[in-house]
Amino acid sequence: MSVDHYENFPVASWLLPRRLRRPIQHIYWFSRSADDIADEGNHSPSWRLEQLQGYREALQHIAAGQLQLEPTDARFAIFAPLAPVIVEQQLPISLFSDLLTAFEQDVTVKRHADYEALYYYCTHSANPVGRILLHLYNEQRSDSLVMSDAICTGLQLTNFWQDIAIDWEKDRVYIPTETLTQFELSETYIADRCAHKPTSVTDNKNWLRMMQQQVEHARQLLISGMPLAARLPGRIGLELRLIILGGLRILERLDEVDYDVFNHRPQLAKADWMRLGLRLLTTQFNHKLR
């Protein structure tokens, strides 16, 4: 299981109410296709940004009730079915625009100076996903939005710490530069570990301490959002419980391998799903709700 923000769209899940399956599928494909524009292939940055701008223009036309695409337009397959979903479900265009901001950052921003910058990215890359889903679930209480943001940011950070080595190959480092410096580390340590070069005992200890802090931070975000799963009814709440528990299990797996993501990328195996099934029955999700 990836805890990437697209994979957390519960597309085609048997837990979803039938009325939400089509809307979520089309929203997912918007996110997936825009992400592919930002990431896949050998296209130039200018080409990627131009294509994403085309997505922005399509969203603006939907907002104005003026979307008219020819079947030959490359955007047709995405936006022709998405437009009625946005209109019928009264989904804020701003949330889709926020996702595009994150995809544009994927093209232009490869490093983050501090946690403020990293949170800015998560606010656009992850949090809109949860807010879109809450709109579909007709849940708009302010504290629900706060808990949703915590879950989505926690999942996004979990994915970052899970994929440090993979992101390095894409010339991306999500650990803030300030955090590396705080623990007397630099990108050289990541480069050496990815290349399987020897690293000093001191640096290894610093890495361990730093990753313990990052993982615990993500864990606390997920835990703080857990009551939202108790608030959402029926199968929707069950879906969210599984997503949260899956993220927490990935963090647990990171602890178990002493944060050696260079040789052991944590993923959920069959035994983990059995464990999650048991935890689903025993975990209290509503302890903070009043």
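Predicted model: local features only at pLDDT ≥ 70, side-chain atom pairs only at ≥ 80, totals over all residues.

Residues are numbered from 1 along each chain as its sequence is written, and side-chain values use heavy atoms, with hydrogens and water left out.

Helices here are DSSP runs of H or I, at least four residues, numbered from the N terminus. Take α1, residues 18-39, and α6, residues 127-136: they pack at an angle of about 155°, with axes 11 Å apart. Those axes are lines fitted to C-alpha atoms over the stretch in contact, and the angle runs from 0 to 180 degrees between N-to-C directions. So α1 is roughly antiparallel to α6, a label used for angles over 145 degrees. The crossing of α1 and α6 is right-handed, that is, the near helix is turned clockwise from the far one by less than a right angle.

Who makes the contact (heavy atoms within 4.5 Å)? On α1 they are R19, L20, P23, I24 and I27, and on α6 they are I132, L133 and L136. That splits into seven nonpolar, no polar and one charged, where Ala, Val, Leu, Ile, Met, Phe, Trp, Tyr, Cys and Pro count as nonpolar, Asp, Glu, Lys and Arg as charged, and the others, Gly among them, as polar.

Now the loops. Most residues other than glycine have a negative phi. N138 isn't a glycine, yet its phi is positive, about 60°. N138 is found in the loop between α6 and α7, and is exposed, at 63% relative accessible area. Exposed means over 50% and buried under 20%, with partly exposed in between (1.4 Å probe, protein chains only).

H196 has a positive phi of about 60° as well, and is in the loop between α10 and α11. H196 is exposed, at 56%.

Last, the core: buried Ala, Val, Leu, Ile, Met, Phe, Trp, Tyr and Cys residues joined through side-chain atoms within 4.5 Å. The largest one has 83 residues, and F30, F79, Y137, W161, I175 and W207 touch the most other members. Helix α13 gives the most to this core, with nine residues. Beyond four places in sequence, I175 has contacts including W161, I190 and W207.

Terms used
Helix = DSSP H or I, 4+ residues; strand = E, 2+ residues; numbered from the N terminus. Parallel < 35°, antiparallel > 145°, perpendicular 65-115°, else oblique. Contact = heavy atoms within 4.5 Å.
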